[in-house]
Amino acid sequence: MPKTDDQPAATASVADPPEASPAPPPAIGPGRRRRRSLRYRLVLGLVLVAMGAALWGAWYVASRGFTRRWRATLAREMQRRGLDVTVGKVTLDPFNGLLADDVHLHLLNDRHTQLLVINQVALDINLGDLLQKKANFLNSIDLRDASLALPLDPADPDGPKLRVRRLRAKLLFPPGQLQLVQAEGECHRIRVSANGTLLNPELFAQAVAALTGRTRDSKPPPREPAEIARRRAQGRAWLQALDRLRFDRQAPVRLEVRFSGDLSKPLDSADADALRVSADLRGRDVQLRGGGKAPFRLDDLHLLADYEANVVYLRQVELRATRGGHFSAQGELRPALAAAAVAGGAGASAGGSRERAFSFQCDSDLDALAAARELLPPALLPVWLNDLTLGQAPRLQANGRVKLREAPPTPDGSPTPAPAGGGVLSELEITGHLGLGRTAWRELACEGFDTDFSWQHGQWFLRDARLSTRPALPPLHGDVLNAEGKFRVRLSGPLDLASLAPALPPRARAGLGEWQFNELPRVELTLTGPALDVPAGATAATAFSADALRTEGKIALGRTRFRNIPFNRLNVEFALAGGIFTAKNLRLERDEGTALGDTITYDFNRHEVRIDNLRANLWPGEIAPWIDPDLAHDLKPYRFVRPPATVTNGLVQFFPGAKGSRLVIDASAPAGLNYTFVRRELNFTKVSAQVIFTDDRLRLDPLHGTLFGGEMGGMVDLALGKAGGHRYTAALTAKELDFQKLTKLYFDYDDSKGHLEGSYRWSGQSDDAVAMRGAGAIRVDKGNVFAIPVFGPFSGILNEILPGVGKNVAHQASADFIISGGKIYNGNLAIKGTGFSMLGGGWLGFTDDTMNFKLRLTPQGPVGTLLYPVSKLLEYSSQGPLGKPVWRPRILNPETGPAAAGSPAPQPPSPAASGKPGATANPTPRPAAAGH
């Protein structure tokens, strides 16, 4: 070993060769030591500063992120990959690497339309290429338990969003490719997975811009706040519907998406190498929970769809309900102008409209209504569905074709916003069959409804429709056509109006309540009108006025009651147009006879009925309530022996306060009628009359008939309604009436022979005899006046005065009279017999069996001349009962003789009391002419 200066010298070994001694190190001076120490400190300071700067930079990029220039560089790189994004912040995580937060993906060169938002992505970059600002420095993007939000309305970033949680995916960027490696996440409890590869992703933006006509600087057309609010409400409703879905945790619903394609091909190209997408949705034990107590359950759910060569193939849709029911469907959605699009490219149709045609076929007996109510919120359901109840699932078989048209771009180049369906309906062709079991809408119910249907080019047809309203009841058959500019409905069969009543307006429903059908009406009905046009882009039929419709047909009623009045059969042809109902060739049958009518018209606008030549032989009192419920009481006094023959013409108005009603009935009753007059029943035979109904009166004028073997004529004017109080005025003329029958009826006298002539005009109220007021004249010829008990005692009186004269018959009498207050007033009674005459006056109380009357006997010939000076002694008076009068000489009667001279004599009522202007206490006998 070499020996240093500080080591002691050692003895050399024999075996060791001798070594040369090294030169001693130079000595370090104090200045050199100071310079070396300063250098060390400077290097250490620089290292510490570098380490501090590095640590500060790491902290800054980890917490505050890279600068805007770095974010712009990253955005440009991703845009080269086909992704138009904006990045909120880029940070460096020591464990996860480079992270991009708040990433917004836009609609490819359209910053105004946002497709999705991702909370955070991990970036795999080539740092060297990034620092050297080389292209293709982005290797991949990782999503690790990320959250993704997709706006339901891309043009409204602040609107409702569909959110995907726990998203794990890796997006690779090999040269010229974009690869999604098995993305997995959860969207409203649906497990979603996706994978696929796209070639030439950098051309994706150009393809979409060519397809949509939108550029980076394009702005969507402004929308009204109401439209924005409506779309947001719809979006929230859809999200709420998805939230009500429940799945089996052991076998959740899964959606698998696979895609591939070359983005250098136009997106709407029919080339097989263009974009291809396949989606497969499967699930078991799916529950749709809504407002109902029990959720709607699906045992199986399967949907398989493909997009290839610009065609969407709906390969399979299968739904099976737990409670029974199945739905299956297939279809295709392809461009209707595919050939032109391929030849001219995507931009060839940018200036015009595009159409896509969807053809489909489906078969279902699933309770779709229950599913819709559980899945969809009330805001998305038509209001009328809330009142619809299905006793069993509807049966539907259909196939057809639908064309959806996109509107051409607006003048500024931006596309016209399309509705939620992606376009407007331009053409619909569909045929099929629909069957409903027991169905109810509000209070309207039916047992079943079946129909074949078709719709083509805006024209639709329901064929062989069958509606059953009640069990064991034959269905109502019909068809509905809306084509060739007209709308037509044809119905035939039994019409269950009681079941259909809830669908009628309240006023019609109240009118229908007056009918009771023992047998259902049978109808043959045709309703026509202008076509219900559905313009392109419309979703509902245009409104039309009911006045434009015309209905015509026939109706046959069996045993029916109207206003509780029965009839056996009714057949009528009818028409309804412009608010006017017309009935023709009417035939109504009752037990007693029939009614035949040429035309009966009801004007709903003016509330009036016009009757033309209605011929009938029915009981007027029984059918009167059909016209007016109060009319039966007014006709009660007129009781026909057999139904009269009537012919009715005229107009009746039902509108309150309306004026102008005039209904004329020409009636003939050969068998006669019975009429109650002053509590006695008069039996008329061979009666004929003209009955006139006006707004508030009933008038019989003229009235002809036969009574007591003589002829009668007259008129009756009756006030109708409560205001009139059944007041009436009447006039009567009589000729050659059997006087004996008259006195037998009213006075129970059997020996009053002779004939009666006279006239009487009076007024009254109902059958109140006391209220009757009137005046008239009467004459009896070839009669036996003494057979009347009132005048019977004069036979004995005459016999005492002039023996033998009292046995003569008073064969002639005449008088004018006034009736008032239940009394008959007279002042010129004249009775003639053989050899004598009687003159007198007073009153007879026919309601209370009282009288106050006086008579003076005047013998004729020489005896009369002899007794004239003492004629005052031959005056008699009676104030006793009308049925058993007691006559006394006035000169000896203390009540009527000289002792009572100061008492006023009985006076008839004034002309006003008689009820007729111009009536006098002593009217001149003058029979009224017939008809007055």
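Buried is used throughout for residues under 20% relative accessible area, exposed for those over 50%, and partly exposed for those in between (1.4 Å probe, protein chains only). Residues are numbered from 1 along each chain as its sequence is written, and side-chain values use heavy atoms, with hydrogens and water left out. This is a predicted model, in which local features need pLDDT of at least 70 and side-chain atom pairs count only at pLDDT 80 or more, whereas totals for chains, interfaces and linings use all residues.

**View 1. The protein chain and the confidence of its prediction.** The protein chain holds 15 helices and 48 strands, where helices (H or I, at least four residues) and strands (E, at least two) are DSSP runs numbered from the N terminus. Of its 932 residues, 39% count as buried. The average pLDDT (the predictor's confidence in each residue, from 0 to 100) is 75, and 70% of the residues score at least 70. Over residues 534-543 the pLDDT is below 50, and this stretch has eleven contacts in the model beyond near neighbours in sequence, a contact meaning heavy atoms within 4.5 Å. Residues 911-932 likewise have a pLDDT below 50, with 43 contacts beyond near neighbours in sequence.

**View 2. The nonpolar cores.** A nonpolar core is a set of buried Ala, Val, Leu, Ile, Met, Phe, Trp, Tyr and Cys residues joined through side-chain atoms within 4.5 Å. The largest has 59 residues, and those with the most contacts inside it are Leu-588, Phe-677, Phe-684, Phe-693, Leu-698 and Leu-700. Strand S37 (residues 680-694) gives this core its largest share, six residues. A second, separate core of 33 residues includes Val-85, Ala-100, Phe-137 and Ile-141. In soluble globular proteins, nonpolar side chains tend to be buried together.

View 3. In helix H10 (residues 620-627), Ile-623, Ala-624, Pro-625 and Trp-626 are buried, and the buried residues of H10 pack against S27, S28, S30 and helix H11 (631-635). Trp-626 is also among the residues touched by Leu-588, which, not counting residues up to four places away in sequence, include Phe-567, Arg-569, Leu-570 and Leu-618. Strand S30 (residues 580-589) contains Asn-585, a residue with a positive phi of about 50° although it is not a glycine. Arg-563 also has a positive phi of about 50° without being a glycine; Arg-563 is found in the loop between strand S27 (560-562) and strand S28 (565-567), and at 26% relative accessibility counts as partly exposed.

View 4. Asp-701 and Pro-702 are joined by a cis peptide bond, with omega about 0°. Pro-702 is found in strand S38 (residues 697-707).

View 5. Thr-551 lies in strand S26 (residues 550-557) and counts as buried at 11% relative accessibility. Not counting residues up to four places away in sequence, Thr-551 touches Leu-525, Thr-526, Leu-527, Phe-574, Ala-575 and Leu-576. Glu-875, found in strand S47 (residues 875-878), is buried with a relative accessible area of 12%. Leaving aside neighbours within four places in sequence, Glu-875 is in contact with Leu-855, Arg-856, Arg-888, Pro-889 and Arg-890.

View 6. The 19 residues of helix H5 (residues 225-243) should span 27 Å at 1.5 Å a residue, and the end C-alpha atoms are 27 Å apart, which agrees; the expected span is 1.5 Å times one less than the number of residues. Within H5, Gly-235, Ala-237, Leu-239 and Ala-241 are buried. Leu-275 is placed in the loop between strand S9 (254-262) and strand S10 (276-288). Leaving aside neighbours within four places in sequence, Leu-275 is in contact with Leu-198, Ser-260, Gly-261, Tyr-307, Glu-308 and Ala-309.
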